[in-house]
Amino acid sequence: MKVFNLHLSAWLSISLVLCVACNTTAPKTKPIEVGEQSIPKPVMDGRTDSLKLELDAERARRKQQGKE
């Protein structure tokens with residue numbers, strides 16, 4: 001029984017030392033808040049840019065038709 005208690009206390013102390021060592025050497029990273037997250041910008045190339053221009057022109061045309 002004494003040998004079992006000795007082994008148990010040895011494993012307990014080793015695991016405790018490892019837990020403390022891992023917690024102190026772990027890098028401290030602060031959580032990113034919602035407001036700090038970067039919002040990805042849409043990729044604009046020639047095709048999407050021309051499509052946007054066409055849609056803007058169509059909206060402007062419809063807006064003008066609505067005023068008349």
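W11 sits in helix α1, which covers residues 2-25; helices here are DSSP runs of H or I with at least four residues, strands are runs of E with at least two, and both are numbered from the N terminus. The model is predicted, so local features need pLDDT of at least 70 and side-chain atom pairs count only at pLDDT 80 or more, while totals for chains, interfaces and linings use all residues. Residues are numbered from 1 along each chain as its sequence is written, and side-chain values use heavy atoms, with hydrogens and water left out.

W11 counts as exposed because its relative accessibility is 61%. On this scale, buried means under 20% relative accessible area, exposed means over 50%, and partly exposed lies in between, with a 1.4 Å probe and protein chains only. Together with I14 and L18, W11 makes a nonpolar surface patch of about 360 Å². Such patches take residues with over 30% relative accessible area and no salt bridge; nonpolar side chains (Val, Leu, Ile, Met, Phe, Trp, Tyr) are joined within 5 Å, and like charges within 9 Å.

## The protein as a whole

Let's step back for the overall numbers. The protein has 2 helices and 0 strands. How many of its 68 residues count as buried? The share is 0%.

Accessible areas come from the Shrake-Rupley method with a 1.4 Å probe, and for residues only the protein chains shown count as cover.

Now for the charged side chains. Side chains of opposite charge can pair when their charged atoms come close. The whole structure holds 4 salt bridges, each being a side-chain nitrogen of Lys or Arg within 4 Å of a carboxyl oxygen of Asp or Glu.

Which residue forms a salt bridge with E58 at 2.4 Å between the closest N and O atoms? That partner is R61, and the two residues lie 3 apart in helix α2, about one turn of the helix. E58 is partly exposed at 27% relative accessibility, and R61 is also partly exposed, with a relative accessible area of 40%.

E58 meets R62 in a salt bridge as well, at 3.1 Å from N to O. R62 and E58 are 4 residues apart in helix α2, again about one turn. R62 counts as exposed, with 56% relative accessibility.

## The network through D56

Salt bridges that share partners also link K52, D56 and R59 into one network. Within it, the side chains of D56 and R59 form a salt bridge of 3.2 Å, N to O. D56 and R59 are separated by about one helical turn because they stand 3 residues apart in helix α2, residues 46-67.

Is each of these two side chains' residues exposed or partly exposed? D56 is partly exposed, with a relative accessible area of 31%, whereas R59 is exposed at 54%. The D56 and R59 side chains also make a polar contact at 3.2 Å. That term covers a pair of N or O atoms within 3.5 Å; within protein, one must be able to donate a hydrogen and the other to accept it, and residues adjacent in sequence count only if both atoms are side-chain atoms.
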